[in-house]
Amino acid sequence: MTYTSDEVGQILNQFKETQFVALATIDGIRPRVRPVTLIYLDRRFWVVTSTSSSKVIQIGQNANAEFAYQFSENSEDYCIRILGKAKIIKDKKTKTSIAKRISFFNNHWASPEDPDYTLLEILPDELQYVAPSGMKRFRL
């Protein structure tokens with residue numbers, strides 16, 4: 001995924017390969033927020049979860065999603081919010097590739113073919129960056 005703004009690239013460089021974020025999905029007309037491990041690989045955002053989880057059911061009904069990543073740098077607090085669509089990935093090659101790259105996978109699933117393993121990709125269309133100097137919004 002390529003972004004035109006150097007500033008967006010610098011913001012995205014704040015992501016590590018894994019971090020905890022708050023992921024919001026829609027349950028009917030109500031938002032539902034929960035902590036998840038966000039996986040950032042090759043400039044793409046992934047979440048692995050159980051197939052029976054509420055988030056998978058909610059995404060199946062409404063793909064709109066948002067996550068917020070909060071971090072501190074030089075004793076100041078920052079937040080990156082990514083809004084977009086969540087996609088349930090069915091491609092076995094992609095699911096296997098991601099499973100092999102995350103250290104905690106085998107703590108939850110027997111293999112990439114485990115029917116309880118679901119891979120989600122968050123496809124961003126808006127980024128909001130909140131810093132002590134103010135908020136900036138980018139359409140992606």
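Predicted model: local features only at pLDDT ≥ 70, side-chain atom pairs only at ≥ 80, totals over all residues.

Colleague: What is the phi of Asn-74?

Modeller: Here's some background: most residues other than glycine have a negative phi. Asn-74 is not a glycine, yet its phi is positive. The value is about 50 degrees.

Colleague: Which loop holds Asp-42, and what is the phi of Asp-42?

Modeller: Asp-42 sits in the loop between S2 and S3. With 58% relative accessibility, Asp-42 counts as exposed. Asp-42 is a residue other than glycine with a positive phi, near 55 degrees.

Colleague: Let's move to the rings. How many aromatic pairs are there?

Modeller: Two rings of Phe, Tyr or Trp pair if their centres lie within 6.5 Å. By this rule the count is 12 aromatic pairs.

Colleague: What kind of pair do Phe-15 and Phe-67 form?

Modeller: Their ring centres are 6.1 Å apart, with 75 degrees between the planes. Planes over 60 degrees apart count as edge-to-face. The Phe-15 and Phe-67 pair is therefore edge-to-face.

Colleague: How many residues apart are Phe-15 and Phe-67?

Modeller: Phe-15 is in the loop between helix H1 (6-12) and strand S1 (18-27), while Phe-67 is in strand S4 (residues 64-73). Phe-15 is buried at 7% relative accessibility, and Phe-67 is buried at 1%. The pair links distant parts of the chain, 52 residues apart.

Colleague: What about Phe-105 and Tyr-117: what kind of pair is that?

Modeller: The two ring centres are 4.8 Å apart and the planes meet at 80 degrees. That angle is over the 60 degree cut-off, so the pair is edge-to-face.

Colleague: Where is Phe-105, and where is Tyr-117?

Modeller: Phe-105 is in the loop between helix H3 (92-101) and strand S6 (117-131). Phe-105 is buried at 2% relative accessible area, and Tyr-117 is buried at 1% relative accessibility. As for Tyr-117, its place is in strand S6.

Colleague: Which residue lies over the face of Tyr-117?

Modeller: A charge can sit over a ring if NZ of Lys is within 6 Å of the ring centre. Here the distance from the ring centre is 4.8 Å, and the residue is Lys-95.

Colleague: Which side chain makes a polar contact with the side chain of Thr-49?

Modeller: Thr-49 lies in strand S3 (residues 44-50) and is buried at 6% relative accessibility. Beyond its neighbours within four places in sequence, Thr-49 has contacts that include Trp-109, Tyr-117 and Lys-55. The polar contact, at 3.1 Å, is with Lys-55.

Colleague: Last one: which strand gives the most to the lining of the largest pocket?

Modeller: That pocket has a volume of about 200 Å³, and its lining includes Thr-49, Lys-55 and Trp-109. Strand S2 (30-41) and S3 each supply at least two lining residues. The one giving the most, with 4 residues, is S3.

Notes. Residues numbered from 1 in each chain as written. Heavy atoms only, no water. Phe/Tyr/Trp six-rings, centres within 6.5 Å; stacked < 30°, edge-to-face > 60°. Buried < 20%, exposed > 50% of the residue type's maximum accessible area, 1.4 Å probe, protein only. Lys NZ or Arg CZ within 6 Å of the ring centre and 35° of its normal. Polar contact = N/O pair within 3.5 Å; in protein donor to acceptor, adjacent residues only side chain to side chain. Contact = heavy atoms within 4.5 Å. 1 Å grid on protein atoms, 1.4 Å probe; cavity = no way out; pocket = protein on both sides within 12 Å on 5 of 7 lines; lining within 4 Å. Points joined across faces, edges and corners; volume = space filled by probe spheres on them.
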